[in-house]
Structures are given as C-alpha cells and as structure tokens.
Amino acid sequence: MSGRPIIKKLDETVVNRIAAGEVIQRPSNAVKELLENSLDAKSSSIQITLKGGGLKLLQIQDNGCGIRREDMGIVCERFTTSKLTQFEDLNSIATFGFRGEALASISHVAHLTIITKTENEQCAYKASYEDGKLKGPVKACAGNQGTQIHVEDLFFNISTRRKALKSPSEEHARVLDVVSRYAVHNPHVGFTLKKHGEGLVDLRTEPESSHIDNIRVIYGNNITRELLEINTEDEGLQLKLKGYITNVNFSTKKAIFLLFINNRLVDSSAIRKSLDNVYGLYLPKGSHPFIYLSLFMNPRNLDVNVHPTKHEVNFLHEEAVVERIKQEVEKLLAGANTSRTFFTQAKLPSLPEVIKENDKLPTVSANKLVRTDSTSQKLHKFFPSQPINPLQKPDTNLSSSEGRRDIQLTSVLTLRREIEQDVHVGLREILSNLIFVGCVDQERALIQHDTNLYMCNTRLLAEEMFYQILLYEFGNFGVIKFKESLPLMEVCELALDCPEASWKPEYGTKTQLAADATELLVSKA
C-alpha cells in the first residue's frame with residue numbers, strides 16, 4: 001500500500017506558472033497579448049521597446065483609456081477582465097481579450113510593473129506585481145494618459161524555457177513580425193518598435209494612415225505596386241472579405257500570409273492551403289505571394305475560446321467560407337493576368353562601378369540584330385537607303401511594275417494554284433503577325449501570336465517558305481552584278497570539280513570543256 005502514489009492538490013502558484021507557460025510561450029506572445037490590450041483601450045499610438053529580444057526587457061506604452069486606481073489591486077489576478085461578464089457574452093465578443101489571463105500569466109514568469117493614468121485622474125499610479133499579487137502599495141507618480149507596462153527578466157524562474165528559446169535577434173525578429181501584422185491591419189494606430197538604448201527604430205507607422213501605406217513602409221514598394229484589392233460580401237454566409245493580395249507578377253521565397261478574423265490575428269491552415277493551390281497555377285515552384293485578408297463574420301458563428309493564445313479559431317461552414325475566398329481570389333487573379341512583367345538585371349552585382357575604356361562591349365549594328373516583332377520594324381530597314389538627287393526630277397511615267405515579267409508557264413501556274421487551294425488561313429495569319437520568342441534547338445523555335453505560344457519546325461517552315469517564294473518570284477529574281485568580272489574559265493572549272501557535274505574522262509579534259517563552255521557563254525551574251 002505504501003508504494004501507491006498519492007493524489008495531491010497542486011499549490012496555486014504551481015498551477016498558475018503551468019498555465020502561464022501555455023499562454024506566454026515566448027516574448028512575441030507577450031507582445032501580442034499586450035498589444036491587444038492597448039488596442040482594446042482605444043489607443044492611437046503604441047510604442048514597444050525591447051532589450052535582449054524581449055527577454056531582458058519588454059516595454060509597451062500606449063495612450064489609451066488607462067486603468068482605474070480601484071482596479072490596480074486585482075488587474076493581475078487570473079480571470080479578471082473588463083470585457084466579459086458571463087459565458088454567453090462569448091457569442092457576441094468584439095474585443096481581443098476576454099479570458100483575463102495575459103497580465104496574470106506574465107506576472108508569474110517575469111517582473112511586472114504597470115504605470116497608468118485615466119482621463120479623470122489627477123496623476124498616474126505605479127504598481128509592481130509578482131505571481132498575480134501586488135508586491136507593495138500602489139504609488140502616485142507622474143505620467144501621461146494611458147498605460148505603460150514593463151516586463152523584465154521574462155522566464156527568470158523557468159530556466160528550461162529560457163534556454164529553449166532562440167537567440168535574442170531571432171526573438172526580436174518574431175516580435176517585429178507580430179507588430180508588423182497588427183500595424184498593417186490597424187492603420188489608424190501609430191506603431192513604433194525599437195531596441196532599448198538605440199535611437200533608430202525598427203518599425204514606425206503613422207496614425208491615420210492606410211493599409212497600403214503601412215504595407216509599403218513595412219514590406220516595401222515591390223509588393224505595393226503589385227497589389228490587388230479584395231472587397232466582397234456574402235449575405236448567405238454572413239461574411240465580409242476585405243484585403244490585398246499580390247498579382248502574378250510578384251513572388252517571394254518566404255510566404256507572407258496575414259489573416260484577421262473579426263480583427264483578431266489568427267491562422268487557418270485550410271485557407272492557407274487553398275490559396276497556395278490557387279497561386280501554384282501562376283507562380284514558379286517554391287515561390288509564394290503576399291496575402292492580407294480581413295474577414296468579418298457573425299460572432300455567433302465563430303468560436304474564439306479554443307486555445308489560451310487565441311491564435312486558433314473555429315467557425316461554422318468552414319468549407320463553404322474557404323471555397324468562397326478561393327473563388328474570389330481566382331476571379332481576381334484571372335482578371336489581372338492579361339499582362340505579365342519580367343524584370344531583367346542590367347548589371348551583375350559583382351560588376352565594378354567603373355568600367356575601363358577597353359572593357360566596353362562592342363556595339364552591334366542594326367543589321368546584326370534579330371527582328372522579333374513583325375510590327376516593330378520591317379526588313380527593308382536593314383538595307384541602306386538610296387541617296388536621292390534633288391536636281392533629278394522624278395519620272396512620272398515609270399510604274400511600280402516596270403521590268404517585272406509576267407510568267408505564263410503552265411507548270412508554274414499549276415503549282416501556284418495548288419498552293420492557293422491548300423492554303424491554311426489560320427496558319428497564314430499566325431505567320432504574318434508573329435513574335436519570335438527564341439530557339440529551342442537546331443530545328444525548333446518558339447513563336448507567339450496574340451496570347452498563344454507555338455512551337456514550329458524551322459527547317460520545314462523555311463523549306464516551304466523558300467519554295468513558295470521561288471514559285472511566285474519565278475523569272476523576276478533580277479540580275480546579280482559584280483564589281484569585277486568573274487573569270488568564266490575558272491568558274492567553269494570549279495563547276496566541273498563538283499560531284500554534281502558527273503564529269504568523266506571520256507568527255508574530255510576539264511580544261512577543254514571549260515574553254516568550250518566559256519566560248520559558248522560569251523557568244524550568247
């Protein structure tokens with residue numbers, strides 16, 4: 001009997017520290033809870049200061065309504081809140097906090113000090129807390145309206161948790177990410193984040209700005225210039241959807257997904273996965289978009305009391321809501337996919353700023369360039385223009401067809417009719433207005449017509465093109481004139497050396513045959 005374990009009731013301090021470790025998992029969780037308290041207090045300016053990534057010092061100051069002097073004694077006790085009076089209030093909760101655990105949890109794992117002043121009080125009041133209780137009397141002090149909270153030595157009494165956390169720089173980056181998300185969603189509030197003792201700020205947004213302004217300040221112009229606005233409503237699902245997403249011209253290696261449901265920062269794997277599938281049709285593999293969505297739905301359809309961190313929520317008709325969001329994003333991307341932008345890098349990052357005179361790339365003349373668009377420039381531009389003598393009067397009796405022979409050979413006319421009867425109108429339109437994209441290999445190339453991309457066999461295409469040119473220009477290829485007369489004797493000897501001549505010794509010597517051919521050509525000239 002002595003070996004049986006005895007069930008004991010845990011000490012209240014132990015219970016509170018276990019619960020605190022679930023609510024406050026790292027500095028970013030503490031910042032999130034305190035930020036939401038400041039937003040609930042109708043603050044228009046929130047300043048956060050960190051030291052050691054928030055482990056040594058975490059300070060948040062707002063200009064909200066403040067805490068009454070009478071409430072200072074119980075403000076850090078568990079399940080004390082001004083936002084909820086009965087369980088049924090969860091059905092219509094409109095504030096961030098409601099559990100009354102944030103300040104209590106922080107006071108059990110850190111040294112907590114609160115300085116606060118309401119609008120009606122003559123001075124501010126300061127109090128320190130430990131394990132949810134006051135460490136001493138509440139003292140009057142100087143201060144501005146609002147609340148200032150100091151959290152020092154976070155997890156000082158939970159060594160395993162403190163050792164498990166990453167470097168201070170990593171924790172600071174996590175806090176920056178949380179503040180950035182709330183700043184995008186709350187443009188009417190000014191946010192400031194900086195490190196303790198440093199003059200430069202890591203983040204600053206102005207109050208009464210816009211969503212796009214804050215996205216530009218926090219995430220950069222590259223995202224802002226590619227944003228598409230979402231604004232739709234579904235009365236059947238009692239759903240309003242607002243936000244901004246990037247079009248298919250933007251992609252990043254790290255996904256940026258901001259989701260707020262009834263103004264609460266949450267995550268939804270179902271929505272995230274659905275939108276990843278939509279963008280997967282447009283973006284390269286391994287690339288992700290920027291997505292900021294704000295959903296408003298009936299509070300009765302939303303369960304926010306899932307986890308103490310309030311990061312997870314459940315809502316009714318989840319599949320229908322996810323499908324509705326997916327359809328809206330698909331429609332928006334399809335409508336904005338008429339043009340794609342491709343940026344090229346003009347200079348490698350490693351290239352020195354100063355280029356020596358000898359290192360300049362040789363200029364390429366126009367006749368060496370490839371004509372890629374049939375509408376941009378024509379082939380005749382690559383030939384030198386003939387100089388016009390201003391003293392010479394134009395001959396009005398000359399016609400454009402002068403010198404052109406009208407071929408009436410039956411064989412040529414028959415072949416022309418065969419081509420005209422078998423002509424493919426669609427293919428002729430494509431070849432008449434194509435844009436050359438590039439070569440695939442020695443025999444295939446990519447061409448674009450309108451919004452379609454085609455692969456063609458350039459060898460077969462060239463054979464057919466020159467065959468048709470030969471038929472339609474038969475007898476009108478003109479005369480080729482050389483600056484210096486060609487030695488006919490040598491040309492004939494070269495011709496006899498070709499295998500196609502099928503020369504045999506019984507025909508006579510090549511020299512004699514070349515001389516006879518030269519004499520014949522001269523007599524016919």
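The questions and answers below concern a predicted model.

Biologist: How many helices and strands are there in the protein, and what share of its residues count as buried?

Modeller: The chain is assigned 14 helices along with 19 strands. A residue counts as buried when its relative accessible area is under 20%. Of the 525 residues of the protein, the share that counts as buried is 34%.

Biologist: How many disulfides does the structure hold?

Modeller: A disulfide is a covalent bond between the sulfur atoms of two cysteines. For cysteine 141, which is partly exposed at 23% relative accessibility, the closest cysteine sulfur belongs to cysteine 123 and is 7.1 Å away, so the two are too far apart for a bond. Cysteine 456, which is buried with a relative accessible area of 16%, has its closest cysteine sulfur in cysteine 439, and that distance of 8.9 Å is again too far for a bond. The number of disulfides in the structure is zero.

Biologist: Is leucine 488 buried, partly exposed or exposed?

Modeller: Leucine 488 belongs to helix 13, which covers residues 488-497, and, leaving aside residues up to four places away in sequence, it touches Thr518, Leu521 and Val522. Its relative accessibility is 33%, and the class between the buried limit of 20% and the exposed limit of 50% is called partly exposed. Leucine 488 therefore counts as partly exposed.

Biologist: How far apart in space are leucine 488 and alanine 515, C-alpha to C-alpha?

Modeller: Along the sequence, leucine 488 and alanine 515 are separated by 27 residues. In space, the distance from the C-alpha of leucine 488 to the C-alpha of alanine 515 is 8.8 Å.

Biologist: What span does helix 5 reach from its first C-alpha to its last?

Modeller: Helix 5 runs over residues 168-185 and has 18 residues, for which a span of 26 Å is expected at 1.5 Å a residue. Its buried residues include Val175, Val178, Val179 and Tyr182. The span of helix 5 in the model is close to that expectation, at 26 Å.

Biologist: Which residues line the largest cavity?

Modeller: Rolling a probe the size of a water molecule over the atoms shows where empty space is left. A search of the whole structure finds one cavity of 30 Å³ or more, and the volume of the largest cavity is about 30 Å³. Its lining has four nonpolar residues, two polar residues and no charged residues. The lining residues are Leu237, Met297, Asn301, Leu316, His317 and Val321.

Methods
Residues are numbered from 1 along each chain as its sequence is written. This is a predicted model: local features need pLDDT of at least 70, side-chain atom pairs count only at pLDDT 80 or more; totals for chains, interfaces and linings use all residues. Side-chain values use heavy atoms; hydrogens and water are left out. On a 1 Å grid over the protein atoms alone, a cavity is a set of points where a 1.4 Å probe fits but cannot get out, and a pocket is an open set with protein on both sides within 12 Å along at least five of seven lines; lining residues have an atom within 4 Å of a point. Grid points are joined across faces, edges and corners, and a volume is the space filled by probe spheres set on the points. Ala, Val, Leu, Ile, Met, Phe, Trp, Tyr, Cys and Pro count as nonpolar, Asp, Glu, Lys and Arg as charged, and the others, Gly among them, as polar. A disulfide is a pair of cysteine sulfur atoms within 2.5 Å. Buried means under 20% relative accessible area, exposed over 50%, partly exposed in between (1.4 Å probe, protein chains only). Helices (H or I, at least four residues) and strands (E, at least two) are DSSP runs, numbered from the N terminus. Contact means heavy atoms within 4.5 Å. The expected span of a helix is 1.5 Å times one less than its number of residues.
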